[in-house]
Amino acid sequence: MSVPFRSLQQAPRHLLVCEKGHARHARSRHAAHVRDHAYNYRVSVLIPECGVLPEVLKSTIADVGEYYLVRSLAVHQLVAQEFIDCFVRRGSCYALTYNTRIDQDNTAALLPTGKLILSVDKDTYEELGLEGRPSRYSGKKPMRYIITIDLTDSNFHPDGKKHKRVLWALKEKKPLEFDFLLAWYNSGNKNRM
């Protein structure tokens, strides 16, 4: 395979954020960065010259809870009404694609707020035909798109056009399947909307 020399000089687009700070500081943004980014599944912490892990980190790690690795789960199953009724409306459901690269692969995340977020390449976006927006990390010529589907929206019900369109796009038009890290916490709320 012949690769033009020009392409070897171009670095792939990646976003790496490094911050120096103290987790206990009142204005620390460490927790917010982890909590607010839908595609975090791994966080590395480097503590120079640390012989014993600080108690604040031990307690944070202990609160992670149980999660499951579900292999070859079709995304359309996350928008099925049975799944929404059993897991999204009755608790906090987290799902995140496993072993995917957000800057190169198609990925998906289900947030505990009930929002399903798909980060897809341009071809997949056009094939799905669902409403979305260009990724803010895509550059001048959008090559990645973000599709957000609110599973708790009152207009997103099995008899509605929106639900039928999304289900058709994800099941028949462009089936997407991933390995997912999945966690669910029962809130005891029977009819969360």
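Trainee: Which residue in E3 is the bridge partner of leucine 96?

Mentor: In this predicted model, leucine 96 has alanine 109 of E3 as its bridge partner.

Trainee: How do you know that E2 and strand E3 pair?

Mentor: Pairing requires at least two bridges between two strands. E2 and E3 (residues 107-110) have two bridges, in the antiparallel sense, so they meet that requirement.

Trainee: What makes E2 and strand E7 a pair, and in which sense do they run?

Mentor: Seven bridges join E2 to E7 (residues 177-186), and the two strands run antiparallel. The cut-off is at least two bridges, so E2 and E7 count as paired. Within E7, alanine 183 is the bridge partner of tyrosine 94.

Trainee: How many disulfides does the structure hold?

Mentor: The structure holds zero disulfides. A disulfide would need a pair of cysteine sulfur atoms within 2.5 Å.

Trainee: What makes up the lining of the second largest pocket?

Mentor: Its lining residues divide into four nonpolar, two polar and four charged. Among them are Ile147, Asp150, Lys162 and Arg165. Strand E6 gives the largest share of this lining, four residues.

How values were computed:
Residues are numbered from 1 along each chain as its sequence is written. This is a predicted model: local features need pLDDT of at least 70, side-chain atom pairs count only at pLDDT 80 or more; totals for chains, interfaces and linings use all residues. Side-chain values use heavy atoms; hydrogens and water are left out. On a 1 Å grid over the protein atoms alone, a cavity is a set of points where a 1.4 Å probe fits but cannot get out, and a pocket is an open set with protein on both sides within 12 Å along at least five of seven lines; lining residues have an atom within 4 Å of a point. Ala, Val, Leu, Ile, Met, Phe, Trp, Tyr, Cys and Pro count as nonpolar, Asp, Glu, Lys and Arg as charged, and the others, Gly among them, as polar.
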